[in-house]
Amino acid sequence: MLTSLALLFLVGILFSQILERLRLPGLLGMILTGILLGPYGLNWLSDSLMNIAAELRQLALVLILLRAGLALDLNDLKRVGRPAILLCFVPAAVEILGYVLLGPRLLGLSAVECAVMGAVIAAVSPAVIVPRMLKLMEEKCGTEQSIPQMIMAGASADDVFVIVLFSSFLTLAQGGKMTAASLLPVPVSIITGVLTGALIGLALCWFFRSVHLRDSIKVLILMSAAFLLLEAETQLKAILPFSGLLAVMAMGIAIYSRYLVLAQRLSQKFSRLWVGAEMMLFVLVGAVVNPAYLFKAGGPLMLLILMALLCRMAAVAVCLIKTPLTRKERLFCMIAYCPKATVQAAIGAVPLSLGLACGELVLSAAVMAILITAPLGALGIDLTYRRWLKKAEPLPAEAES
């Protein structure tokens with residue numbers, strides 16, 4: 001495993017640096033590294049590493065969400081209001097509807113099978129979006145309009161909504177029934193996740209004020225609490241809908257709101273950890289890619305993904321109606337809300353493992369969606385934010401310094 005990790009980091013750094021020199025997103029180089037080194041390429045990644053790949057991807061996701069929470073000001077979201085709430089579910093729902101309407105004609109699948117495919121692909125990737133939105137906040141681009149905060153918060157809730165729908169559509173595809181009651185876990189999991197995370201965050205604020213600890217120890221405590229919240233989601237699944245990912249983010253938000261100085265220090269620590277975690281995440285995402293599936297799927301699948309993506313972008317535009325955002329700012333939001341990666345890598349193979357007839361095609365779609373939207377979305381954000389978003393004016397004290 002240690003040799004595999006060495007190859008993962010060294011080749012990943014090499015490829016990402018080459019692509020950045022070509023003015024392409026470095027994460028594309030990381031994905032290509034995974035394809036090259038993974039079981040469908042040179043097969044140089046050990047089985048022991050691939051067996052824990054899902055856990056390592058989840059570890060990286062925890063780092064992202066903690067960083068996001070420790071930098072997210074609730075007052076900014078309150079200023080945004082309605083659009084921030086709509087972005088949590090409207091774009092994903094419209095994208096899934098696009099698959100249901102267009103998929104049967106393009107791929108010859110049933111509406112239920114297309115709904116399963118849509119639910120796999122509809123979730124946006126916090127792994128791509130959150131680091132870039134944090135960068136925008138550091139550079140104060142779009143922060144007066146709360147654009148990065150709105151997109152960052154919406155992307156996390158969007159994942160919860162889509163994963164619950166995915167479970168419901170899987171039940172239908174296996175011959176079960178989906179009722180209105182089966183959708184109830186969506187709001188319940190959001191509420192319980194946010195409340196639990198916030199309470200733990202407030203408790204940690206009290207503890208950190210009362211007990212002097214190094215910031216490195218506080219990072220370990222925060223990450224341990226995050227892992228326990230994810231485990232709580234698994235253990236409570238049959239009893240109470242609960243979103244561990246939202247709880248992790250809410251924990252960070254609570255610390256930011258009650259202990260700002262500590263949140264800023266911890267955020268810097270997590271930023272350093274993210275350098276390695278990002279490499280590990282996207283290389284391991286690339287490692288699950290089977291190029292043979294992509295060639296077999298062909299043009300119709302790519303066309304479906306792009307058309308459904310246009311449906312999502314149109315839905316984002318609808319969510320931003322009656323906001324003070326300019327046309328370029330709205331277009332930026334439409335682009336920023338497109339990248340897919342982590343959820344697709346995590347659940348793309350589930351229909352195939354359950355023996356569904358559409359399983360292989362769903363996995364192909366998940367892989368193709370990652371390869372199309374992750375680099376294009378990241379590149380779109382990186383190339384447009386300085387030109388399309390307004391940079392906040394420095395405060396008088398900042399200007400003097």
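At 27% relative accessibility, D382 counts as partly exposed, a class that lies between buried (under 20% relative accessible area) and exposed (over 50%), as computed with a 1.4 Å probe on protein chains only. The model is predicted, so local features need pLDDT of at least 70 and side-chain atom pairs count only at pLDDT 80 or more, whereas totals for chains, interfaces and linings use all residues. Residues are numbered from 1 along each chain as its sequence is written, and side-chain values use heavy atoms, with hydrogens and water left out.

Side chains of opposite charge can pair when their charged atoms come close. A salt bridge is defined here as a side-chain nitrogen of Lys or Arg within 4 Å of a carboxyl oxygen of Asp or Glu, and the structure holds seven of them. D382 takes part in one with R132, the closest N and O atoms being 3.2 Å apart. R132 lies in helix α9 (residues 126-139) and D382 in helix α19 (residues 359-388), so this pair ties together parts that are 250 residues apart in sequence. Helices are DSSP runs (H or I, at least four residues; strands are E, at least two), numbered from the N terminus.

Salt bridges that share partners join E95, D158, R312 and K340 into one network. R312 belongs to helix α15 (residues 291-319) and E95 to helix α7 (residues 90-107), 217 residues apart. Both of these residues, R312 and E95, are buried. E95 also meets the side chain of K340 in a salt bridge, at 2.7 Å from N to O. K340 is found in the loop between α16 (327-336) and α17 (342-347), so its pairing with E95 in α7 ties together parts that are 245 residues apart in sequence. K340, like E95, is buried.

Helix α1 (residues 2-21) has 20 residues and should span 28 Å at 1.5 Å a residue, the expected span being 1.5 Å times one less than the number of residues. The end C-alpha atoms of α1 are 29 Å apart, which agrees. Its buried residues are S4, L5, L8, V11, G12, S16 and L19. Seen down the axis of α1, these residues fall within an arc of 150°, so they line one face of the helix; the arc is that of the directions from the helix axis to the C-beta atoms. On the other side of α1, L2, T3, L10 and R21 are exposed. The elements that cover the buried residues include α2 (26-37), α3 (47-51) and α14 (260-287), contact meaning heavy atoms within 4.5 Å.

Most residues other than glycine have a negative phi, and most peptide bonds are trans. Just after α1, R23 takes a positive phi of about 65°. Phi of N43 is also positive, near 60°. N43 lies in the loop between α2 and α3 and is partly exposed, with a relative accessible area of 46%. For K322, phi is near 65°, again a positive value. K322 is placed in the loop between α15 and α16 and is exposed, with a relative accessible area of 79%.
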